[in-house]
Amino acid sequence: MFSEWKRKRAAGKVTAGDGHALRRYRWWQPFSRALLHLRLAESDGLRHLWSVNVKLWGDSDGEVVADLYRDGHHVAHSKLPAIFEVPGGTIEVAVSGYGLKRCHFVSPDGSELQLTPDRASAEGRRARLRQTRPGLSRLIGAASLGMLVVALVLGLPQIVEQVTNIPLVAERVGTFSSPIHLPSWLNVSLLVAALLASSERALRLRYNWVLDGGLFDGDD
């Protein structure tokens with residue numbers, strides 16, 4: 001859930017769309033694009049399809065952006081994090097350094113509903129695994145969570161030691177000696193495993209500020 005300050009800033013970044021058609025999701029786009037959908041009942045009595053398309057690698061200016069479509073036609077554009085006004089509420093979109101961390105419809109009473117990933121997208125394929133192989137899906141999810149916990153427990157003391165060895169920091173807070181010292185190859189392996197684990201969690205729109213690199217996310 002966005003804070004009120006972030007909601008106001010995000011809402012102010014939305015610009016009107018130009019009406020272009022939503023492009024079909026292609027097989028080569030799983031790491032560069034996320035596409036999710038939601039059907040909403042409107043005043044005309046019909047359920048219209050709203051779609052959020054996120055360019056994970058950024059636009060031509062390097063900005064990570066989201067586009068909103070209604071029945072396949074472009075209606076709004078925003079840098080992330082974004083809040084789009086839609087019938088009956090808002091759609092909130094945010095990313096981490098690993099992919100999507102939020103794409104939810106929020107009603108005025110505060111209830112939330114995650115949008116459904118496009119079947120062709122990486123998020124859609126991960127959701128399909130959860131439906132068809134729930135046991136395997138839970139095992140993968142538990143392994144991702146466990147790897148992040150292990151990486152945090154083993155890596156954080158070493159990072160704190162390195163930071164407190166910086167002269168300016170040491171003068172202010174003193175130094176810290178880590179009880180854990182791993183060989184370089186194992187630290188690199190933990191880093192790679194943590195990156196893969198957070199990327200897998202992003203496919204499920206799972207995010208934890210401590211485990212998934214929240215210190216380095218810039219939600220401005």
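Which residue of E8 does Thr-90 stand opposite? It stands opposite Val-106.

The model is predicted, with local features requiring pLDDT of at least 70 and side-chain atom pairs pLDDT 80 or more, while totals for chains, interfaces and linings use all residues. Residues are numbered from 1 along each chain as its sequence is written, and side-chain values use heavy atoms, without hydrogens and water.

**View 1. Pairing of strands E7 and E8.** Strand E7 (residues 89-96) runs antiparallel to strand E8 (residues 99-106), with seven bridges between them. Strands are DSSP runs of E with at least two residues, helices are runs of H or I with at least four, and both are numbered from the N terminus. Two strands pair if DSSP finds at least two bridges between them.

**View 2. The open sheet E6-E7-E8-E9.** Four strands in this order form the sheet, with antiparallel pairing. Strand E6 (82-86) and strand E9 (112-114) are the edge strands, each pairing on one side only. On average, neighbouring strands of the sheet are turned by 25° against each other, direction ignored.

**View 3. Packing of helices H3 and H5.** H3 (residues 134-164) packs on H5 (residues 184-203) at an angle of about 140°, and their axes are 9 Å apart. Therefore H3 is oblique to H5 (under 35 degrees is roughly parallel, over 145 roughly antiparallel, 65 to 115 roughly perpendicular, and the rest oblique). Axes are lines fitted to C-alpha atoms, for helices over the stretch in contact, and angles run from 0 to 180 degrees between N-to-C directions.

**View 4. Contact residues of H3 and H5.** Residues in contact (heavy atoms within 4.5 Å) include Leu-145 and Leu-148 of H3 and Leu-190 and Arg-201 of H5.
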